[in-house]
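Dear colleague,

Please find below the structure that I am handing over to you.

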Amino acid sequence: MTAAAAGTAPLAGPVETRMVLAKKRVAGRAHLTLTPPPTAMAWMKVGVPHERMAVPEVYLAPGDALVEVEFATVCGSDLHTVSGRRSAPVPVVLGHEQVGRVVALGDGAVHADGSPLRVGERVVWSVMVSCGACDRCLNGVPQKCRTLAKYGHEQVRHGWELCGGFATHVQLRAGTATVVVGESMPREIAAPLSCASATAMAAVAAAAASVRLDGASMLVTGAGLVGLTAAAIATDRGARIVVSDPDPARRAAALRFGAVATADPLAADGSPDSLQAVLSRLGLQDGLAVAIEASGSSPAVAQAIGALDVGGAAILVGSVHPAGRVPLDPESIVRRLVTIRGVHNYTPRHLIDAVAYLERRHCAYPFAELVGATFGLADLDAAIDEAATGRHVRVGITP
Ligand SMILES: [Zn+2]
Ligand SMILES: [Zn+2]
């Protein structure tokens, strides 16, 4: 029986899609029957390949939206889950960096700025779903909402199977910050907005809350996507950036993202590539005004805090998996009047600002080159293996 014969009506909309949507209303929710069905890649445990899961029926509650994924990227935290470094409730649909196009809407779905979402819009969305009403949401940390859900992190459950980016579609739930991206922004730049780019914006904002960035010296440890994006943003705000990373290719990349110099954290003390020698050549032997630690390595955390001048601020953003403890000299923190601040994920404001920044500046730095290989969704396991080699800052997935 066709959808029309079942008494449902095709959805109207400007989107050209191969998919047939039929819609009816059940208990206040839009019930979509989709042919061919959306599919998502379910991950179960370390060493077991992803399984393709078909989701022919989707229920959109008020405020929800269904988005067809155009392109996704593999984030470092996906790799941590697949390698077992980080636990996840299973089955899980991984992936939380993606760009897509709205294909269907629940009643009253809105953008992050409160304006109505429209079918056909090209969008990115926050990694988290927040209630907007609890004490944490009201205190400016919606990423720690009391009833938080995160794309690419939740156990698949009936009614929200399309909950991660490694899929043909994602069901955006009410409470997701959704932001339109321009048609001309390359997909390789748009997809990481949902995690790395917005996190980099949050880290730079945290730095700017402590230190005036115009003319400031800044250390960035870790030249992954967060570190490189933070270097570019801070350079555009007038900071002078030194990037530290053990990988020579990443150090070379950093020089194309605004860094005035790079250092090798594995170089022997006093050797020309050591941070000490690099800072001395730049006349920064007293230390730096700010450090953004984006690697998550314990020695890098210690280096970031230790490299600060009086009044400096260390923004820790990379430590999102278990790592060794870092010794802390409290007297040095006190006498240098140092600020240490943790940044985890970001708020809707940072996502909006990151989109605006990359709309304006994505051509100024080689962001699009950071996706070094692209695979089809069916080859997700091969894509993750390739990403795990560390040869690329990002690996892309096309549904
Ligand atoms: Zn991520
Ligand atoms: Zn909340």
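**Zinc sites, a buried asparagine and a helix**

Cys131 counts as partly exposed because its relative accessibility is 39%, whereas Cys134, at 13%, counts as buried. Here buried means under 20% relative accessible area, exposed means over 50%, and partly exposed lies in between (1.4 Å probe, protein chains only).

The model is predicted, so local features need pLDDT of at least 70 and side-chain atom pairs count only at pLDDT 80 or more, while totals for chains, interfaces and linings use all residues. Residues are numbered from 1 along each chain as its sequence is written, chains are lettered from A and ligands numbered from 1 in the order in which they are written, and side-chain values use heavy atoms, with hydrogens and water left out.

Both cysteines belong to a metal site: the zinc ion (ligand 2) is coordinated by the SG atoms of Cys131, Cys134, Cys137 and Cys145, at 2.3 to 2.4 Å. Donors are N, O and S atoms within 2.8 Å of the metal (3.2 Å for Na, K and Ca); water is not among the atoms, so sites may look incomplete. The spacing of these donor residues in sequence is C-x2-C-x2-C-x7-C. The arrangement is tetrahedral because the 4 donor atoms subtend angles of 102 to 118°; four donors count as tetrahedral if all angles lie between 85 and 135 degrees.

Cys75 is in the loop between strand 7 (65-73) and helix 1 (76-83), and His96 is in the loop between helix 1 and strand 8 (97-105), so the pair ties together parts that are 21 residues apart in sequence. Helices (H or I, at least four residues) and strands (E, at least two) are DSSP runs, numbered from the N terminus. Cys75 and His96 are both buried.

Asn345 is found in the loop between strand 18 (339-342) and helix 10 (348-361). Its relative accessible area is 9%, so Asn345 is buried. The side chain of Asn345 makes a polar contact with that of Lys150 (3.0 Å); such a contact is a pair of N or O atoms within 3.5 Å, and within protein one must be able to donate a hydrogen and the other to accept it, while residues adjacent in sequence count only if both atoms are side-chain atoms.

In helix 8 (residues 298-306), the buried residues are Ser298, Ala300, Val301, Ala304 and Ile305. On the other side of helix 8, Pro299 and Gly306 are exposed.

Yours sincerely

Notes. Four donors count as tetrahedral if all angles lie between 85 and 135 degrees; four count as square planar and six as octahedral if opposite donors are over 155 degrees apart and all others between 65 and 115; anything else is irregular.
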